[in-house]
Amino acid sequence: MKTTELQASHNQELKRLFLKVFSSDPWFDKWEDTQLDLYLHDLTGNSNSLSFVLRNDQNDIIGGALGYVFNWWEGQEFYIKEFFISNDLQSKGIGSLFLDQIDALLKPQAIRHITLNTERTFPAYHFYKKNGFTELSDSVFMAKKVDE
Ligand SMILES: CC(C)(COP(=O)(O)OP(=O)(O)OC[C@H]1O[C@@H](n2cnc3c(N)ncnc32)[C@H](O)[C@@H]1OP(=O)(O)O)[C@@H](O)C(=O)NCCC(=O)NCCS
């Protein structure tokens, strides 16, 4: 299994995998095709987009980490917006291996931190904790509805 940086904007294979993973338990997202293309383009088609794919020995994409690099006074950080492993391969240590390989690729790029948001009640929360992520106790994620 090998991790490489996604060089182009997203492709159909990555889109199919994303759709399959996030249409399934525990997320059950309901993506409409055009909207998904727009979302994946938002993620992968910007000047600060940084995405990685994990491929198996047959060169099929079996995982994705889609995000952005932001500059900060301490250096650069990689914000992961979407992270996923193919449904049938989950819970076999592959997501952890993928994160390790991403770490190794970020090191020479002088990226100091990986940040992300997730849901506390979802299994992914335990996955990230198991892989060395810590909660920033002083930070809160806030949202506001735009006045109509
Ligand atoms: C979350 C995800 C990326 C983890 O990758 P993975 O290859 O399944 O994870 P690993 O096998 O390396 O680690 C498993 C650990 O993750 C947690 N975990 C995450 N999802 C799990 C699931 N569906 N079933 C069981 N454990 C899960 C557990 O804490 C588990 O630890 P354990 O093996 O000690 O019980 C993967 O399960 C996935 O793609 N899930 C669906 C998409 C998703 O939720 N993405 C994150 C959005 S924020």
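A residue counts as buried when its relative accessible area is under 20%. The legends below describe close-up views of a predicted model.

**View 1. Thr 44 in helix α2.**
Thr 44 has a relative accessible area of 9%, so this residue is buried. Its side chain comes within 2.7 Å of the backbone oxygen of Leu 40. Setting aside residues within four places in sequence, Thr 44 is in contact with Leu 6, Ala 8, Ser 9 and His 10, and also with Ser 49, Ser 51 and Leu 66.

**View 2. Asp 42 in helix α2, which covers residues 33–44.**
Asp 42 has a relative accessibility of 44% and therefore counts as partly exposed. When residues up to four places away in sequence are not counted, Asp 42 touches Ser 49 and Tyr 68. Ser 49 is also among the contacts of Thr 44. Leu 89 is 47 residues from Asp 42 along the chain, and the C-alpha atoms of these two residues are separated by 27 Å.

**View 3. Strand β3 and its pairing with β2 and β4.**
Of the 12 residues of β3, 9 are buried, so the strand is largely enclosed by the rest of the structure. Strand β2, made of residues 49–55, runs antiparallel to β3 and is joined to it by 7 bridges. These two strands form a hairpin with 5 residues between them. Asn 59 sits in that turn and has a positive phi of about 75°. β3 also pairs with β4, again in the antiparallel sense, over 10 bridges. The hairpin of β3 and β4 has 2 residues between the strands. Within this pairing, Gly 64 stands opposite Phe 84 in β4.

**View 4. Gly 63 in strand β3, residues 61–72.**
Is Gly 63 buried or exposed? Gly 63 is buried, because its relative accessible area is 0%. The bridge partner of Gly 63 is Leu 54. Leu 54 is also one of the contacts of Gly 63 when neighbours within four places in sequence are left aside. Ser 9 lies 54 residues from Gly 63 in sequence, and the C-alpha atoms of the two are 16 Å apart in space.

**View 5. Glu 82 in strand β4, residues 75–85.**
Glu 82 is buried but has no salt bridge. Which side chain of opposite charge is nearest to Glu 82? That side chain belongs to Lys 81, at 4.4 Å. The side chain of Glu 82 does make a polar contact of 2.4 Å with the side chain of Tyr 39. Tyr 39 is also among the residues that Glu 82 touches, not counting those up to four places away in sequence.

**View 6. The annotated span, residues 1–147.**
An unreviewed UniProt entry annotates residues 1–147 as "domain: N-acetyltransferase". This span is 30% helix and 27% strand, and its end C-alpha atoms lie 48 Å apart.

How values were computed:
Residues numbered from 1 in each chain as written. Predicted model: local features only at pLDDT ≥ 70, side-chain atom pairs only at ≥ 80, totals over all residues. Heavy atoms only, no water. Helix = DSSP H or I, 4+ residues; strand = E, 2+ residues; numbered from the N terminus. Buried < 20%, exposed > 50% of the residue type's maximum accessible area, 1.4 Å probe, protein only. Contact = heavy atoms within 4.5 Å. Lys, Arg positive; Asp, Glu negative; His and termini not counted. Salt bridge = Lys/Arg side-chain N within 4 Å of Asp/Glu carboxyl O. Polar contact = N/O pair within 3.5 Å; in protein donor to acceptor, adjacent residues only side chain to side chain. UniProt positions renumbered as here; feature names shortened; annotations may be inferred. Pairing = 2+ DSSP bridges.
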